[in-house]
Amino acid sequence: MDSGTYVIAGGSSGIGLELVRMLAPSAARIDVWSRELHDLEAGGVVRHAACDFGIPDGPLPEAPEEICGAVYCPGTITLRSFRSLTTADFRHDLEVNLIGAVRFLQACQPRLRGANGCPASVVLFSTVAVGQGMPMHASVAAAKGAVEGLVRSLAAEWAPKIRVNAIAPALTDTPLAARLLSSPEKREALASRYPLKRIGTPADAAAVARFLLSDESGWMTGQVLGLDGGMSTLRA
Ligand SMILES: NC(=O)c1ccc[n+]([C@@H]2O[C@H](COP(=O)([O-])OP(=O)(O)OC[C@H]3O[C@@H](n4cnc5c(N)ncnc54)[C@H](OP(=O)(O)O)[C@@H]3O)[C@@H](O)[C@H]2O)c1
């Protein structure tokens, strides 16, 4: 399946960019959809198409004819108290995290095809804050909780032709989390909260996404995989 065509929304930065770099040596084609190129080098098998999932019903690029794997990475990190969150914040978080994923999958679904008798694969992103309540996370956790519902529903509806899974990371060192990781002291304090005593890297999450895209995970669907240094399940 590695030699197939992938569409990666949000493949220009953070986890998605790392995934593009992991897949590129063996992929036939990778289409990246995002607002900007950032550090992405388009060329070879990698193409970039501009779009903004934050614009309700904004235009989306044309999906390739046949897609073996589709990944939706755009997300938000609106960490504020419930008192200071507006309904506009909740709507924006739903737009980027949930409705964007829905529109992305509507564009890709007719073209998702597995190969060699294996299903095609979809990967979405949740957050550790859905399964474990955390202060300041009401808006993003509500939006990502909806994504988890979408994952299980579509996994049931699209089996056996398309597998649908999600990754639920905790704090990962990407541009999205840069504000939280802006000094060595903050990094150390946050890392110490995890049983594995470090925060996540883009490569940690991209490796799990690559596994979920590959036929090695061919008997997995409807799963939300925690990727959180043990935070959600261990008391170390
Ligand atoms: N980093 C963390 O600590 C963390 C923790 C839990 C969950 N997650 C989840 O993991 C996923 C990946 O996050 P990341 O940390 O890799 O984020 P990131 O570094 O900010 O990358 C996000 C990617 O999505 C694109 N994107 C964002 N908003 C978009 C929009 N409105 N329209 C089109 N493209 C958009 C960005 O490109 P453009 O800017 O060019 O549009 C970028 O390529 C997200 O769903 C996030 O919620 C991350």
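**Exercise 1.** Which pattern does the protein follow, read along the sequence?

*Solution.* Start with the setting: this is a predicted model, where local features need pLDDT of at least 70, side-chain atom pairs count only at pLDDT 80 or more, and totals for chains, interfaces and linings use all residues. Residues are numbered from 1 along each chain as its sequence is written. Next, take the elements as DSSP runs numbered from the N terminus: helices are H or I with at least four residues, strands are E with at least two. Reading along, you get β-α-β-β-β-α-β-α-α-β-α-α-β.

**Exercise 2.** Find the order of the strands in the sheet, then its edges.

*Solution.* Let two strands pair if DSSP finds at least two bridges between them. The seven strands then form an open sheet, β3-β2-β1-β4-β5-β6-β7, with parallel pairing. Now look at the ends: β3 (46-50) and β7 (224-227) each have a single partner strand, so one side of each is left without a neighbour in the sheet. For a closer look inside, follow β5 (residues 120-125) to β6 (residues 162-169): six bridges join them, and L124 has A166 as its bridge partner in β6.

**Exercise 3.** Describe the shell around the ligand.

*Solution.* Count a residue as near if its C-beta atom, placed from the backbone, lies within 6 Å of the molecule. Of the 28 residues around the ligand, G10, G14, R35, G75 and T174 come nearest. Then sort by element: helix α1 (residues 14-23) gives the largest share, three residues. Finally, sort by type: 12 are nonpolar (Ala, Val, Leu, Ile, Met, Phe, Trp, Tyr, Cys, Pro), three charged (Asp, Glu, Lys, Arg) and 13 polar (the others, Gly among them).
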